[in-house]
Amino acid sequence: MERGFAFGVSAFGYNTKNGKLTINEDEAKTVKLIFDLYLSGIGIYSLQKELENRGIPSPSGSPLWVASTVRVILKNEKYTGTLKQKKTLTTNYLTHKRKTNEGEEKYIIVENNHAPIVDKETFDKVQSELQRRRSAVFENTQYSNRYVWSGKIECAMCKSKFGRRHNETKPNPPQIVWRCSQSVQYGREKINAQGQKVGCNNKAVHEEFLKENFLAVLNTVINNKDLVIQELKTAVCQEIAKSPNNADEMKSITSDIERITARKGKLIDTYVDGLITKAEFEQTNNRYSTQVEGLKKQLLALELGNETVETLQQKLEKIETVIENLARLKEFGDSICGELLHKVIVDGREKISFYLLTDKNADMFVKMPVSVSKGYHQQPQHPNHTAPDS
């Protein structure tokens, strides 16, 4: 890394071969266009739409762009010729799980490592503009995170998030509704010119409608807390009972991995001593490697099963406490709703599911499906209680 050897997947705009970055001319044109359009005042979501309208393929080759991809390109210092590595760290070498480096290890940065696509002055201007617009968003109460529902409403049909809109229906006063972002961007579900399915048929939901039904869910939990506690405990115990004890099997697999690994070590010694040919070494070594990889996958599956049991046991211990705490609430306001609401799944106006965040430490979510009538001032039916969402 310190010598400028690039690891990982190539950044859009570059080709990587033997650790060296070289410019991909076609992709580099798109990178320059993204920087130029952003500095011209176009927002990220409008920029995403502009790239699609121009028929420019995304880094994945899809005709559809994602706003987060545009943002990553705008923030990538590689385009200035700087190579910054160790942005992520491997936390588990068995599962290859990685996380963002948040200061645990020092970055390795090599300036002027490869040919730039964007000059540093342009890149710095974009970073300043990104920060300026981000600050403006947080200062503007119209889009601030004070809204209870922001980022928490999901579309059951296309898995997109719902966004807040003002519904103008003159001469009536404007109403606040939440709409699926796919529906807002593309309209009703259809196949576009590139053969991709875009848009969504899910309908808008009034904010007052959401609030009334969410508070009805909380009241139902409070008024039936003993029943809720018992049903949740029963559901969790059933899940625990279905989970097998994997300790003996895990111990056996671990022993097999250690035994094969020892054989690989002896195989290397045999090859170094000249007792077998290179072809014989590679054939046997590949067989051992395949066996170890298969055993590791089995071990990982068993470990994940054990983690699930441990999580369920934690939830079982917390259920009564968190429901009792919920029942002590004297009033409901935006701050209370914001703390208790995990997410809302909208599958049409007549099928809305609320997930309650009942305990952050136990990571326990209680799903409360509510069947609501078309008239949003009517009371919902009695919700069904299901197992905590693990």
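In this predicted model, helices H1 and H3 lie roughly perpendicular to each other, because the angle between them is about 90°, and angles of 65 to 115 degrees count as roughly perpendicular. H1 covers residues 25–39 and H3 covers residues 67–75, and their axes are 10 Å apart. On the H1 side, the contact is made by Val-31, Ile-34, Phe-35 and Tyr-38; H3 contributes Val-70, Ile-73 and Leu-74. Angle and axis distance are given together here since two packed helices are described by both values.

Phe-5 is found in the segment before strand E1, which spans residues 14–17. Together with Met-1 and Phe-7, Phe-5 makes a nonpolar surface patch of about 280 Å². The relative accessible area of Phe-5 is 37%. This residue is therefore partly exposed, as the value falls between the 20% limit for buried and the 50% limit for exposed residues.

Leaving aside residues up to four places away in sequence, Asn-167 touches Pro-174, Gln-175 and Val-177. His-206 is 39 residues from Asn-167 in sequence, while the C-alpha atoms of the two residues are 9.3 Å apart in space.

Note on methods: Residues are numbered from 1 along each chain as its sequence is written. This is a predicted model: local features need pLDDT of at least 70, side-chain atom pairs count only at pLDDT 80 or more; totals for chains, interfaces and linings use all residues. Side-chain values use heavy atoms; hydrogens and water are left out. Patches are made of residues with over 30% relative accessible area and no salt bridge: like charges are joined within 9 Å, nonpolar side chains (Val, Leu, Ile, Met, Phe, Trp, Tyr) within 5 Å. Accessible areas come from the Shrake-Rupley method with a 1.4 Å probe; for residues, only the protein chains shown count as cover. A salt bridge is a side-chain nitrogen of Lys or Arg within 4 Å of a carboxyl oxygen of Asp or Glu. Helices (H or I, at least four residues) and strands (E, at least two) are DSSP runs, numbered from the N terminus. Buried means under 20% relative accessible area, exposed over 50%, partly exposed in between (1.4 Å probe, protein chains only). Axes are lines fitted to C-alpha atoms, for helices over the stretch in contact, and angles run from 0 to 180 degrees between N-to-C directions. Angles under 35 degrees count as roughly parallel, over 145 as roughly antiparallel, 65 to 115 as roughly perpendicular and the rest as oblique. Contact means heavy atoms within 4.5 Å.
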